[in-house]
Every structure is written in structure tokens, then in C-alpha cells.
Amino acid sequence: EQMKILAEGLPMIPIKTMALQGNMISGIGAEYLAKILPFCQITDLNLSYNNIAGNGVEALAKTLPQSKLIILRLYQVTRQGGIKAVLHSLPQTRIRKLNIASNALTCGEAKLAAEILPLCSLRDIDLSWNEMLGDDGAKIIV
């Protein structure tokens, strides 16, 4: 409910950087944020250390192409999926810096990242602390 109130007021405020890490934002809170993100001036969004379920991450991913985001930090936000949707949306976004560290990414997601990287404007991606990537995932990315 608090995220809904915050989200509803954001389009009226000319904020460029929004740091929301560690605020116990759930999937529902992320869905509220996703609804208004295209109408905000935010270029740098940090949602790290929240417990955003896959549906919340997917909702954010759907609105990323309409947003003004250049930097997106999703460090340790989900272990329930959703990052794949973010990766799929990247070629249609302005995002240049993406942190998806510590989200239990799989080799399949590493392969998807490797396929999408040449198609998007990313200049910096953080994949650290995704133990499930292992050597096979590193080979795929390289």
C-alpha cells in the first residue's frame, strides 16, 4: 500500500535518481511502480535487496521500453524468475547499465544475455554472485 502511494505521486516530481533498495518492496509494489514508470523522469532506479517476485519483475520489464531509465539495479531482487523478461526487453530500452547480480541466474539466462547484448545499448552489466552460472555460464557469456 505504501508503494502505491509513492508510485502515484512520482510522475509529478522531476526526480532523476530513485534509490529504493532494501525497502521490502514486493511483487505488488513493483507492479505499482511499473504502471507509472513510463510517466516519470527517473533515469536511475535501484530496486536492489527487495523481495520482488517474478511477476513484479516481469511487470517492470514490460514497461522498461517506455521508460527513461538508463541505469537499472536489480541486485538480489528475485530468486523466482523474471530476469529473463528484463533481458528480453533490453533491445527496446535506453538502459546502458544493468545490475542483475545475485539473482540465481541459470545457464539459460546466461545464453539469453549473450544473445541480447549485441542488440541493445548496454555498456555495463553486472552478473556477479549468480552461482548457478558456473563455468558453463561464463563460457556462454564470453
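Author: A residue counts as buried when its relative accessible area is under 20%, and as exposed when it is over 50%. The model discussed here is predicted.

Reader: Which residues of helix H2 are buried?
Author: Helix H2 runs over residues 27-36. Its buried residues pack against H1, E2 and H3. They are Gly27, Gly29, Ala30, Leu33, Ala34 and Ile36.

Reader: At what angle do H1 and H2 pack?
Author: The axes of these two helices are 8 Å apart. H1 is roughly parallel to H2, a term that applies to angles under 35 degrees. The angle itself is about 10 degrees.

Reader: Which residues of H2 make the contact with H1?
Author: From H1, the contact is made by Met3, Lys4 and Ala7. By class, the residues of this contact divide into 5 nonpolar, 1 polar and 1 charged. On the H2 side they are Gly29, Tyr32, Leu33 and Ile36.

Reader: Is H2 roughly parallel or roughly antiparallel to H3?
Author: The axes of H2 and H3 come within 7 Å and cross at roughly 10 degrees. The cut-off for the parallel class is under 35 degrees. H2 and H3 are therefore roughly parallel.

Reader: Which residues of H3 meet H2?
Author: H2 brings Gly27, Ala30, Glu31, Leu33 and Ala34 to this contact. The contact of H2 with H3 has 5 nonpolar, 4 polar and 1 charged residues. Those from H3 are Asn55, Gly56, Ala59, Leu60 and Thr63.

Reader: Which residues have the most contacts inside the largest nonpolar core?
Author: This core has 39 residues. Helices H1 (2-9), H2 (27-36), H3 (54-63), H4 (83-89) and H5 (107-116) each give two or more residues to it. Those with the most contacts inside the core are Leu33, Leu45, Leu47, Leu87 and Leu98.

Reader: Which residues does Leu47 touch, leaving out those up to four places away in sequence?
Author: Leu47 is among the residues with the most contacts inside the largest nonpolar core. Its partners include Leu33, a buried residue of H2. With that limit on sequence distance, Leu47 touches Leu20, Gln21, Ile25, Leu33, Ile52, Leu60, Arg73, Leu74 and Val77.

Reader: With which side chain does the side chain of Asn46 make a polar contact?
Author: Asn46 lies in strand E2, residues 44-46, and has a relative accessible area of 12%. That is under 20%, so Asn46 is buried. Not counting residues up to four places away in sequence, Asn46 touches Met18, Ala19, Leu20, Gln21 and Arg73. The polar contact, at 2.8 Å, is with the side chain of Ser48.

Reader: Is Leu69 buried or exposed?
Author: Leu69 lies in the loop between H3 and strand E3 (71-73). Among the residues Leu69 touches are Leu37, Ile42, Leu45, Leu64 and Ile95. Its relative accessible area is 1%, so Leu69 is buried.

Reader: What distance separates the C-alpha atoms of Leu69 and Lys97?
Author: These two residues are 28 residues apart along the chain. Leu69 also touches Arg94 and Ile95. The C-alpha separation of Leu69 and Lys97 is 9.4 Å.

Reader: Is Lys62 buried or exposed?
Author: Lys62 is found in helix H3. The C-alpha atoms of Lys62 and Leu72 are separated by 14 Å. The relative accessibility of Lys62 is 66%, over the 50% cut-off, so Lys62 counts as exposed.

Reader: What is the phi of Met24?
Author: Met24 sits in the loop between strand E1 (17-19) and H2. With a relative accessible area of 77%, Met24 is exposed. Its C-alpha atom is separated by 18 Å from that of Asn99, 75 residues apart along the chain. The phi of Met24 is positive in a residue other than glycine, near 55 degrees.

Reader: What is the relative accessible area of Ser102?
Author: Ser102 lies in the loop between strand E4 (97-99) and H5. Although Ser102 is not a glycine, its phi is positive, about 55 degrees. Ser102 is buried, and its relative accessible area is 6%.

Technical notes:
Residues are numbered from 1 along each chain as its sequence is written. This is a predicted model: local features need pLDDT of at least 70, side-chain atom pairs count only at pLDDT 80 or more; totals for chains, interfaces and linings use all residues. Side-chain values use heavy atoms; hydrogens and water are left out. A nonpolar core is a set of buried Ala, Val, Leu, Ile, Met, Phe, Trp, Tyr and Cys residues joined through side-chain atoms within 4.5 Å. Buried means under 20% relative accessible area, exposed over 50%, partly exposed in between (1.4 Å probe, protein chains only). Helices (H or I, at least four residues) and strands (E, at least two) are DSSP runs, numbered from the N terminus. Contact means heavy atoms within 4.5 Å. A polar contact is a pair of N or O atoms within 3.5 Å; within protein, one must be able to donate a hydrogen and the other to accept it, and residues adjacent in sequence count only if both atoms are side-chain atoms. Axes are lines fitted to C-alpha atoms, for helices over the stretch in contact, and angles run from 0 to 180 degrees between N-to-C directions. Angles under 35 degrees count as roughly parallel, over 145 as roughly antiparallel, 65 to 115 as roughly perpendicular and the rest as oblique. Ala, Val, Leu, Ile, Met, Phe, Trp, Tyr, Cys and Pro count as nonpolar, Asp, Glu, Lys and Arg as charged, and the others, Gly among them, as polar.
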